[in-house]
Amino acid sequence: MPYGLGMAARKRPAPEDAVTARRILLDGLARGAGMPGLLGELAPLHPRNDTFPGEVFLHLAADALDWCGASRADPLALAGIRERFLPECSFRGRQNNKLQFAVLAAAALHGGTEPDLLDEVAWWQTDDFWEYALFATIAYIRAAAHRAGVPMRQACQELAPRPADPAP
């Protein structure tokens with residue numbers, strides 16, 4: 001869902017870029033890569049003024065919710081998700097709002113709705129949506145592994161075979 005109208009067609013994400021983004025994130029989490037390392041590995045996939053690979057990450061977060069059995073009848077509590085599952089990150093002011101949007105957007109996808117990313121990120125006036133989607137997804141995968149009582153490596157291995165959503 002790009003919001004940059006002047007992007008050259010050759011720079012648009014391809015379906016294989018979605019697969020690559022998903023693989024880099026899951027492989028990194030499985031091996032215990034830190035946040036700076038993951039951001040560095042994934043940054044080259046992000047076209048300037050585009051939400052990619054944020055959409056891929058949100059769909060992966062929704063997959064993690066599905067994988068751990070989160071449902072209306074048995075919800076995953078979001079209270080304190082940042083403190084519990086992103087302890088290495090600190091957010092201030094608008095950063096908290098951006099993370100909250102990404103967390104809720106992933107939950108909306110899991111629930112069967114498609115959040116309006118473009119309408120939301122347009123007011124951000126920054127090109128960092130994909131990073132907040134990454135943070136939210138890492139929190140959800142960690143929460144899902146915790147809920148399932150399995151190590152991160154196992155959670156990532158079990159999430160990996162699920163098909164990646166195609167690039168926009």
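User: Is Leu109 buried or exposed, and how do I read that?

Analyst: Buried means a relative accessible area under 20%, exposed means over 50%, and partly exposed lies in between, using a 1.4 Å probe and protein chains only. Leu109 has 14% relative accessibility, so Leu109 counts as buried. Please keep in mind that this is a predicted model, where local features need pLDDT of at least 70, side-chain atom pairs count only at pLDDT 80 or more, and totals for chains, interfaces and linings use all residues. Residues are numbered from 1 along each chain as its sequence is written, and side-chain values use heavy atoms, with hydrogens and water left out.

User: Where is Leu109 found, and which residues is Leu109 in contact with, leaving aside its neighbours within four places in sequence?

Analyst: Helices are DSSP runs of H or I with at least four residues, numbered from the N terminus. Leu109 sits in helix H5. Contact means heavy atoms within 4.5 Å. Setting aside neighbours within four places in sequence, Leu109 touches Leu58, His59, Ala62, Glu114 and Pro115.

User: How many residues does the largest nonpolar core have?

Analyst: In soluble globular proteins, nonpolar side chains tend to be buried together. A nonpolar core is a set of buried Ala, Val, Leu, Ile, Met, Phe, Trp, Tyr and Cys residues joined through side-chain atoms within 4.5 Å. Here the largest one has 58 residues, and Leu58 and Leu86 have the most contacts inside it. Helix H7 gives the most to this core, with 14 residues. Leu86, again leaving aside neighbours within four places in sequence, is in contact with residues including Met35, Phe91, Leu99 and Phe135.

User: How many salt bridges does a search of the whole structure find?

Analyst: A salt bridge is a side-chain nitrogen of Lys or Arg within 4 Å of a carboxyl oxygen of Asp or Glu. The search finds 7 of them. One of these joins Lys98 and Asp128, at 3.0 Å from N to O. Lys98 lies in helix H5 (residues 94-110) and Asp128 in the loop between helix H6 (117-122) and helix H7 (129-148), so the pair ties together parts that are 30 residues apart in sequence. Lys98 is buried at 5% relative accessibility, and Asp128 is buried at 14%.

User: What about Arg82 and Glu83: how far apart are the closest N and O atoms?

Analyst: In the salt bridge of Arg82 with Glu83, those atoms are 2.7 Å apart. Arg82 counts as partly exposed at 23% relative accessibility, and Glu83 is partly exposed at 48%.

Definitions and conventions. Helix = DSSP H or I, 4+ residues; strand = E, 2+ residues; numbered from the N terminus.
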